[in-house]
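Here are my notes on this model, as numbered points. Please read them with the coordinates open.

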Amino acid sequence: MSEKPVGDASEQGELNLRQELETARRRIEALEMELSGQQSFTETLLETTPDFFALKDRDFVYRRVNPALCRFLGKSAGEIIGKRDAELFPPEDAALHVALDAEVLRSRQPLEGDWNIDDSEGKVWFRVKKAPVFDDSGQVSGILCMVRDVSRGKRAEIEFERLFSLMPDMACIASSSGYFIRVNPVWRKMLGYSEEELLSAPFIDFIHPDDLEATKAEVARKHSGEAGTLNFVNRYRAKDGAYRWLEWNSTPIEEGVLYAIARDITGRIEQEMQTRRWADAFRLCAHGIALGDPFTNQVLTCNEAFARLCGRSVKEIEGLRILSLYLPEDYEKVMSNIARVDRCGFVSYHARMQRPDGSSFPVQMDVVSVRGEDGQLIYRVATVQDITERLESQRALRESEERFRSVVESAPDAIFIQTGGCFAYLNRSAVSLFGASKTEEILGRRVVDLVHPDFRDLVAERIRQLNKSQQAMPILEERILRLDGAEASVEVSAVPFTFAGQQGALVFLRDIDRRKKAEEERAGLEHQLFQSQKIESIGRLAGGIAHDLNNLLTPVLGYSEMLSHAFPETDKRLKRIEVIHHAALRARDLVRHLLAFSSRQALEFRMIDLNSVIGDFGQLLRRTIRADIDIRYRLHEGALVMQGDASQLEQIIMNLAVNAEDAMPSGGELKMETSTIVIESGCEKYFEGLPAGDYAVLTVTDTGVGMERETLAHIFEPFFTTKPKGQGTGLGLSTVYGIVRQHGGIIQASSNPGAGASFRICFPLRECEAEAGQPVETAQLQQGKGAKVLVVEDDELVRKFVVQALEEEGFEIREAESGEEAIALLQSGDFRPDLLLTDLVMRGMNGRVLYEKASAVMAGIKVIYMSGYTRDIISRHGVLDEGLTFLQKPFAVPVLLEKVREVLQNGG
């Protein structure tokens, strides 16, 4: 292995290094040349560009500017470099530059925007861009500002905008996607939409459905670059829903955009349609129409209907002289009317036209003269109607009217015609109904003047509706006034009618006084029958209730009376027994009242003093009526003697007081007054037909809630009540009414809401003294002295009471629960009674059959029937003699003993 000298190696390394250095130098020179070229290019670009360039440092100080900016500012580069915006621009502009530069430093992002200033030649628009300049460390070391003058483009845009906005037609720019990009203000004016509404929806949505296919085809042609249809027409929907006709011209779609102009031709289309309609009306009108030359009196043209009337074609008629179409006998009339239409402008007349075959027909001619704006005659328009059928109809109508008049005149019902609300015609029956001797007395008078005042407003409104709306009026009942002032009830109906050329009505009247009277009588009889049946039903119910109550009251009344004799007057228990006895007596009276209402029991009339009855009843009334009601009396000084039943009068007072109590839920005052009144002859009608004479008056007044007129009209009706369901029977005041009527009197009520109520009762007075009261039923009883009595009663309580009462008086008694048991006892022979005391109505064998069988076993046995049933039921069971042989339940012990002794002594 050879070795190189050390010196050679060193030289080789130095040679290599020099080569590398030379290469690097050449590379550096090349880069410097390239950089110098780029700098030269940049410098040349900055020197020659019309755009403004400036470089600022982080403190917004200008470090470099190009000549264009120097020329704009009118300063040299030396005068700009080293200064800030505040030294070069007005304060407002300088502040804007500083704010934008600060935003670039903060965001480290470029900014771009437009900016304008005013100079001597007007506005100048600039597009400004500011970008950050970064150093090697990535920090912003400065800001590069670039400004371009865009005034020419801006002015072009403004001019386009002005032209776009001022254009009278509807201009728009649309995209190939089917939306408007821009529309001018005319769109908003014509269609009513806002710009946002027009731009947000596809334009196809505004097009009339019938025009969609044609519009889509036109748009497709524009897409393909074709010129499309010139003056394309379709309809666009306005915001109010109406459609506007538009005529379009547009460019082909280029770069996805279409420019179009639309003109609203709705008015033109409508005018064309109107012209077409008038032409169709002239051509197709059923009446003949012809145009005539006013200078030559020739037919210019006519429609098909005119030609058919004349028996010619339109061509044959055009050019004919007008007179040649008429009968020679009517020439003079026709020319006279032609002259008149030229003077007056319009004329209507009848004439006879003639066809080529010689036939003629009557016509109505309506002719109008048409003049131009200068007032000169242009042409005449004549309409012709064949009136052959009309004249025949008029003749038939005249004959029909004559027949109609004949029928109407002979009609039994009243018939008249009104026009304008006045009588225009009356038949004989109507003249008679209104009490006139001849038609002239009524003709021309207002209809409502002969109508009762209560119906005038209604009739006036019906007349107004008939004359205005021509609608038939339904049947109405009303009252009319005869000429002598008398009233008459009529049934009226009316239909629209034209008389003597005036709209009016044909009115039918039927006198219904007789019918109404018959209906009222029938209604009265039906009401009486209904009331009778209702009272009968109540009576039957009352009879059943009375029987059970009488059976229950018999032992209560009897035992309480027997106990009252078992204690001395100083014994406190006697008071309690007397209360029980009094309650039983009151209950017995209430049963009698119930029977009296149902007409099942005769009232016990005698001469009584009305004041005494009221006074004696006062204590019980006070205990019955609530304490918050103050009862006041104001009685007549003298006695008021009348024939009546005291217990029934007490019932009247009680019912009226309870009624007043219900009307005063928060308390009040109840006043009872008596007085006298004399009904003079001739005044009976004011007192419901009471005969003339002297009367006692009982007035019961309260301060309650009062009643309305409608309620007041029904208060005396049976079962009528204003109380809630279950709180009133509706019999209280009807019972009062019935009792008052039984006493030969009347009752009248008056009231107003919130003002209380007052009841006034009139009773006939008698010129005599009142009778003494009934003897108390607690007389000393005589002993029975061993008489034998068989008591038969199916009610155990009644039977035990009767047996005990008779045994205590010394009678020998046997009892039986039924008729069968009594007959068995008699047949056994163990007991032979002197008297049979039996209930009349029992289960199984009744009392009548029992007595007949007992008589067969024991001839000569005496009998007394007992019953709690009413008189009519007793009669149906064969007991006709209500004297000695009948004992009405409930009865007191003395009554029982008296009846038994009387029958034993006198026979039964």
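1. Start with a cut-off. A residue counts as buried under 20% relative accessible area, as exposed over 50%, and as partly exposed in between. R428 has a relative accessible area of 55%, so R428 is exposed. Keep in mind that this is a predicted model.

2. R428 has a charged partner. Its side chain meets that of E409 in a salt bridge, at 3.5 Å from N to O. This pair links distant parts of the chain: E409 sits in helix α13 (residues 388–410) and R428 in helix α14 (residues 428–433), 19 residues apart. Is E409 buried or exposed? E409 has a relative accessible area of 17%, which is under the 20% limit, so E409 is buried.

3. Now take D342 and R380. They form a salt bridge, and the closest N and O atoms are 2.8 Å apart. What does this pair tie together? D342 belongs to helix α12 (residues 331–344) and R380 to strand β15 (residues 377–386), so the contact ties parts that are 38 residues apart in sequence. Both D342 and R380 are buried.

4. A local case is R848 with E852. Their side chains meet in a salt bridge at 3.8 Å, N to O. Both residues lie in helix α24 (residues 847–857). They are four residues apart, about one turn of the helix. R848 is partly exposed, at 32% relative accessibility. E852 is partly exposed too, with a relative accessible area of 47%.

5. How many salt bridges does the structure hold? The count is 40. As background, side chains of opposite charge can pair when their charged atoms come close.

6. Next, the strands around β27. Strand β27 covers residues 757–764 and is mostly covered, with seven of its eight residues buried. Strand β25 (residues 693–702) pairs with β27 in the antiparallel sense, over eight bridges. Here A696 has F763 of β27 as its bridge partner.

7. Strand β26 (residues 746–751) also runs antiparallel to β27, and six bridges join them. Q748 has R760 in β27 as its bridge partner. The hairpin of β26 and β27 has five residues between the strands. Which residue takes a positive phi in this hairpin? G754 does, near 80 degrees.

8. Strand β8 (residues 232–237) and strand β9 (residues 243–250) are paired antiparallel over six bridges. Y236 stands opposite R244 in β9. Five residues lie between the strands in the hairpin of β8 and β9, and G241 takes a positive phi near 95 degrees there.

9. Strand β9 goes on to pair with strand β10 (residues 257–264). Five bridges join the two, which run antiparallel. L246 has D264 in β10 as its bridge partner. The hairpin of β9 and β10 has six residues between the strands. In this hairpin the residue with a positive phi is E255, near 55 degrees.

Notes: Residues numbered from 1 in each chain as written. Predicted model: local features only at pLDDT ≥ 70, side-chain atom pairs only at ≥ 80, totals over all residues. Heavy atoms only, no water. Buried < 20%, exposed > 50% of the residue type's maximum accessible area, 1.4 Å probe, protein only. Pairing = 2+ DSSP bridges. Salt bridge = Lys/Arg side-chain N within 4 Å of Asp/Glu carboxyl O.
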